[in-house]
Amino acid sequence: MAATTIQTPAPIRGVRITPMGKPTFQLPPQRPQTPTSYFKSPFDPSRHLAYNAMPSRHTMSEIGYENTGVSQIAVSEPFELFTPEAVRTMRNEVLSDEVWDNCRFASSIAACQLRGMAPKYAKFVYDAWMNPETLRIISGVAGVELVPVMEYEIGHINISVNDDPDGKTQAAPVVGWHKDSYPFVCVLMLSDATEMKGGETALRTGSGDIMKVRGPQMGSAVVLQGKYIDHIALPSTNARERITMVTSFRPKDPMITDDSHLVTVRPISDLNEMYNQWTDYRVEIAQERCHNLIKKLRENKRVGRDFDVIGVKDKLSDLIKLLTKTRDEIVDPAEYKIEDIEEEREQEKESQRTKKRARLS
């Protein structure tokens with residue numbers, strides 16, 4: 001086996017004490033090791049997908065969130081999604097020098113995250129999540145047809161490395177208590193979790209109780225409607241590392257409410273790239289809604305129906321709300337003061353208050 005050169009980590013982009021008020025974190029001295037074998041074949045669903053059966057799922061009403069969200073499904077149990085070969089290829093892409101040096105961030109809820117690498121640095125990852133068969137599987141589990149929110153949110157990586165060489169001590173949670181910025185996420189395990197203890201996903205139910213969902217094994221995934229459910233990845237032991245890949249999704253149907261925001265992702269993103277993609281997809285939704293409204297207006301006029309004053313005003317109000325939210329989420333970095341991130345500060349405080357809950361029996 002060839003010797004591994006340990007490089008000094010490059011500075012983390014996106015972490016600033018001023019004006020964002022974000023704390024610094026002590027990161028591992030080196031990245032988790034990548035596999036020695038590197039499969040460079042393009043993504044092939046017949047070769048790289050391992051899905052075989054619909055997993056058990058919990059509904060929103062079951063956990064106390066009835067009539068909330070964009071689907072009746074709250075969370076799935078782990079299910080096989082990608083083959084070992086696919087996972088090895090993904091690991092090699094996302095843990096490459098290019099990604100590590102150009103796409104590494106930290107936030108108040110996670111010490112080491114890799115974002116925005118697909119498709120520029122991770123073409124296999126991009127193709128895997130954009131493949132129609134992958135989208136069919138994720139949509140089926142979620143109970144609503146989904147598409148990735150935008151390219152920037154494909155293959156987000158959360159990394160936790162245990163300082164104990166044997167992995168016996170309990171590592172900190174990969175990500176603190178939080179709600180996601182987008183309706184659905186699919187969380188894929190990229191680490192060997194065979195001997196891992198803990199590492200479940202804990203959800204806070206509508207009644208305030210804690211519900212745990214079993215952690216996935218390597219290549220397996222969990223689908224979660226994380227925009228509406230407070231959740232955390234619990235600490236784990238018996239594992240040197242815990243690396244998860246998170247891809248965020250929104251409903252494909254432009255007529256379904258999209259209440260996404262950028263609160264939790266703004267501090268850990270290349271804002272130039274993310275703002276471009278955010279505006280693009282949101283305006284495209286508005287365009288589709290305008291097209292549907294015009295089509296309905298013309299059809300009603302053609303057949304002699306009366307003008308629907310209330311209905312049309314409601315649709316116009318929805319359009320205004322969509323575009324206003326789109327505009328308000330585009331915050332000039334120069335104006336991004338602490339007072340602009342009250343929700344982020346509250347989430348950080350809540351994460352600290354509930355850290356002890358992460359060590360559930």
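## A residue in a loop

In this predicted model, Leu190 is located in the loop that joins strand E8 (184-189) to strand E9 (197-198). Is Leu190 buried or exposed? Its relative accessibility is 0%, so Leu190 counts as buried, the cut-off for that class being under 20% relative accessible area.

When neighbours within four places in sequence are set aside, Leu190 is in contact with Val87, Met90, Arg91, Val94, Ile157, Met218, Ile243 and Met245. A further spatial relation involves Arg242: the C-alpha atoms of Leu190 and Arg242 are 7.6 Å apart, although 52 residues separate the two in sequence.

## Overall composition

The protein contains eight helices and 15 strands. Of its 361 residues, 52% are buried. The accessible surface amounts to about 17800 Å², and carbon and sulfur atoms contribute 50% of that area.

Among contacts with a separation of 6 or more, 81% are between residues 24 or more positions apart.

## Packing of H6 and H7

Helix H6 (residues 271-302) packs with helix H7 (residues 309-328) at an angle of about 170°, and the axes are 10 Å apart. Angles over 145 degrees count as roughly antiparallel, and H6 and H7 are therefore roughly antiparallel to each other.

On the H6 side, the contact is made by Trp278, Thr279, Arg282, Ile285, Ala286, Arg289, Cys290, Leu293 and Leu297. H7 contributes Val312, Lys315, Leu316, Asp318, Leu319, Leu322, Leu323, Lys325 and Thr326. By class, the contact residues of H6 and H7 comprise eleven nonpolar, two polar and five charged.

## Packing of H4 and H5

The axes of H4 and helix H5 (residues 132-142) cross at roughly 55° and come within 5 Å. H4 and H5 are therefore oblique to each other.

Which residues of H4 and H5 meet? Ala128, Trp129 and Met130 of H4 meet Pro132, Thr134, Leu135 and Ile138 of H5. The residues of this contact divide into six nonpolar, one polar and no charged.

## Aromatic pairs

The protein has six aromatic pairs. One of them joins Phe43 and Phe124 in an edge-to-face arrangement, with 5.6 Å centre to centre and 75° between the planes. Phe43 lies in the segment before helix H1 (45-48) and Phe124 in helix H4 (residues 123-130), so this pair ties together parts that are 81 residues apart in sequence. Phe43 counts as buried at 11% relative accessibility, and Phe124 is buried with a relative accessible area of 4%.

The ring centres of Trp278 and Tyr281 are 5.8 Å apart and the planes stand at 85°, so this pair is edge-to-face. Trp278 and Tyr281 are three residues apart in helix H6 and are thus separated by about one helical turn. Both are buried: Trp278 has a relative accessible area of 0%, while the value for Tyr281 is 4%. Trp278 also takes part in the contact of H6 with H7.

## Aromatic cluster

Phe43 and Phe124 belong to one aromatic cluster together with Phe82, Trp129 and Phe249.

Terms used
Residues numbered from 1 in each chain as written. Predicted model: local features only at pLDDT ≥ 70, side-chain atom pairs only at ≥ 80, totals over all residues. Heavy atoms only, no water. Axes fitted to C-alpha atoms, helices over the stretch in contact; angles between N-to-C directions. Helix = DSSP H or I, 4+ residues; strand = E, 2+ residues; numbered from the N terminus. Parallel < 35°, antiparallel > 145°, perpendicular 65-115°, else oblique. Contact = heavy atoms within 4.5 Å. Nonpolar A, V, L, I, M, F, W, Y, C, P; charged D, E, K, R; others polar. Buried < 20%, exposed > 50% of the residue type's maximum accessible area, 1.4 Å probe, protein only. Areas by Shrake-Rupley, 256 points an atom, 1.4 Å probe, with all protein chains shown as cover. Phe/Tyr/Trp six-rings, centres within 6.5 Å; stacked < 30°, edge-to-face > 60°.
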